[in-house]
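Trainee: I am new to this structure, and I would like to take a close look at one part of it before anything else.

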Amino acid sequence: MTGLALVLPPFFLLVFFILVPAAEAVLDTLRVERGGQIVYSLVRYAEMLRTVSLRRSVVFTILVTLASVGVTFALAYALALYLRFSKGWVSTLLGALFIIPLFIPTVIASFAMVTFLEHHGYVATLLHTIGVEDTPSLVFNATGIVLTEVWASIPFATLVLLAGLQGIDDALIDSARDVGAGALRTFLAVVLPLNTVATVITMSLLFIGILGSFTIPYLVGGNAPQMMSVVMTNYFTNYLRPDISVALAALSFVIAALAGAAYVGGVSHRERGAV
Amino acid sequence: MRNCFRIPKRTTAFLAVVVVSVLGLYGIPARGQMAGVTLYISGDTNIQEMFDKDLLPLFERETSVKTKMVFLEHGQGAESILAKIIAAKRTGQQTDVDLYETQPTFIAQGSSEGIWTRITKDNMANAAKVDPNRPEVLVSNGFGIPYRGSSVVLAYNSKYVKTPPRTYDEILAWIKQNPGKFTYCDPQTCGSGAAFLYVALYKYGKAEDFSGLTYDQARESAWEPALQLLRSLKSNIYNNGFYPNGNVAVLQLLGRENIYMAPVWSDQGMSYLDQGLLPKDIKLVQVSPPFTGGDSAIAIPVHAEHQASGLMFLNWLLTSKAQTIVVNKLAGYPGIDWKYMPKDVRDKFAGIAQNFSPLPNAKYQADAKRLWQEKVAGSGQ
Amino acid sequence: MSAVSAALRQRAGGLFWFWSVGAFRRSLPVLFLAGLAAFILGPLLSLILWAFAGRWFYPALLPQEFSLKWWDVVFGNRSVVSSIKYSLMTAPTVTLLSALICLPAAYAFARFQFPGRRFLLLSFLSANSFPKIGLYISIATLFYRLHLMTTFWGVVLIQLMGTLLFMIWIPTGTFRGINRSLEEAARDVGASSARTFFQITLPIAMPGLLVAGLFAFLAAFDEAQGTLIVGSPNYITMPVMMYTLVLNYPQPVGAVFSILLTVPSLVLLLLAQRLLRQGYLAAGYTL
């Protein structure tokens, strides 16, 4: 019960400032006026799912999020492995470098990405000098969102994965290699399983963060399809339909909750394993 | 384990000391000095500069009422300010927003909540000088007062475009002949792109049907061919159908000669030319039928903390002296009728900017933007 | 895109060979790492060039004309300074307050069994996963009722919401990773619980707590949407400023703004680098 008492203060904050307002907002989307009376109905959600552009946006959001998580994870894992198992000035330098995006506010990161990747941007200019003409714009489309999300997420993912890797005893790896396991096999059989929790945390938090991000898709995304967060804002501000906006928010929350469940599942799985 | 409960308390005390001393170092400011009037202004940089450097200092000198301005980039953040005003009304409190300049559609959105002061010549003398049939007034359900106006015009690069289009149809023809050299910004992010959309809609449905106060969704079926038309343009738009975010992004594409033609706001185009951010070859013309104009109005919340100062500021803003500054700075047209403007200003500007099509009302605008997103941008290839 | 990511994944797998000997194998990771470094630094370098560009037209590699004229434009704007001040006031306050509220909870999540533990832990995820736009009106209403609108503490509270997740999840992992037998051993030799916590548990947990604090700080520092509703017109913080200004100015001005507004974060970056290099993080994250 002591535990519960300690947990309650932040939980009350959460209930009061997030859960109750969210519940109120979602309840509002269910209330419909019919013949002068307020009834509860799912018509708004039905309308939302009937609208082709909204369906497309949901699919697009999930795909972009998965792609960003996948690329970030692959890059961050490689980087974390290098930082964990390699010493020397390159490692030190990289260790200082990869962390930078964490400290750059997302508005600025997106803005910098635009100057870097746009039509006639810096990448195009560099390619032009080595003879590649007419590089298309790499921003204002799905590629731009994925690249910027990856850029912004690498520090977080690498930090978590690296921390997991630091916890693996060198002796375990040495003994695996002593019995003749190759590097890849050592990685798959020893390192990866021992780093499961870090993997689960990285994946689920990246997923939730990227799914809900607004600034990056707003600034570097294209016109259509758009990420759900941008569509929500459009419905709220431009189409004068805050009800659909909140309905979309609820859907986005449900998708994020699945990733949250994966996190808790992963963490408790480890607990059982440890006991 | 039992005893552990005491520990966090110690930590708490320790951290509390840290918090207090840190706050002591920073010095928490008082709730802000009582500014005479707090203005929330949205627009682009030229508007911000005009208020910061010209209007506000002059007003403070003349009236010795202090001002405080919160500047919102066009559209961004405007919805949260509206949410804030509505929330204050619902909880029966005053809001710090004494005066809110925003898109007339936002003002219309709040009018059903009863958050705006009805401004007439009885509570603000200069209201009499404003034409009640101005699009800004109509679109905002009568709660918005315009103080500046500009219209959307066609910008083209005379180095590449030797015979500029004179009509909307000629623009359409030019786009098809010169693929990739035209774009308009995403109508949800800017007025100049929205103007391009509305004029397309007016090609097939009469402007008068949509600019009044009535709303009938069934009428929107008349827009279908216009939306088809815009969709058919998509492959000829810059970068295979890229509609940038915001007015500024379009000006930058023009400046870098990525495109040769686009609709832009007359005031912004002029100020970019003045600052050397656009090449001298860029020319601005109005076409026929003209693009829409007027995308900004001021409203005053009924529950504004300093409502009287808000009204006083607005009244001052509509004097011919202040309006002359506005017209000169923005190269646009005034909020009050031209007949109340000094003769020299009238002679200098009256010709250019008066020519514009009316805006659709708030609900039609919202639907038009949504349909554009669904049927033009979101239509796939 | 998928081809690129497949290629990257392949390289990531190949990277593991670096600890086998062989010049060829060693050059692969070097290429990969150089590419990664270019990817991370490239956008920032392009930003810096833009900030000093007087005139810069494609396809020149460097601006045709360097100039400081855009810096004058920016320094003419006094609200930039005040926004930095407000950001530096709110974010540390939020971080400390968040630690105060969340760390006991994190300790409880790690050490105690109580009903609904897992559910409560999961619930904090919702603080970061319910899109804020759906909450605008409800939150503003609530803050008006509590008289928190346009106040410093209102801004602190709205930013605090975004830090709960980091301040609970990261320390929970940290505390859980500390071996109980260490604490028990200390108590066996007669140390009180408080002494045990402050002399054994806290020092071991500190790096993890600092990392949690860092993430909480950055979350508070980056919050714009809620701060705009609650804080304006008295507390316009840096990210709010950036939204209203960066996008709205010509590219070089945006670049100058960005560089100026990144300076406070860079100071923090230098401090954090040392923390990371000393290996604290490893202990903090041992899950």
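How many residues lie between β1(A) and β2(A) in the hairpin that they form?

Mentor: This is a predicted model, in which local features need pLDDT of at least 70 (pLDDT is the predictor's confidence in each residue, from 0 to 100), side-chain atom pairs count only at pLDDT 80 or more, and totals for chains, interfaces and linings use all residues. Residues are numbered from 1 along each chain as its sequence is written, while chains are lettered from A and ligands numbered from 1 in the order in which they are written. The hairpin of β1(A) and β2(A) has two residues between its strands, and A:Gly35 in the turn has a positive phi of about 55°. Strands here are DSSP runs of E with at least two residues, and helices are runs of H or I with at least four, numbered from the N terminus. Strand β1 (residues 31–34) of chain A runs antiparallel to strand β2 (residues 37–40) of chain A, and four bridges join them, where pairing requires that DSSP finds at least two bridges between two strands. Within this pairing, A:Val32 has A:Val39 in β2(A) as its bridge partner.

As for confidence, the predictor gives the complex an ipTM of 0.86 and a pTM of 0.80, and chain C averages a pLDDT of 79, with 84% of its residues scoring at least 70.
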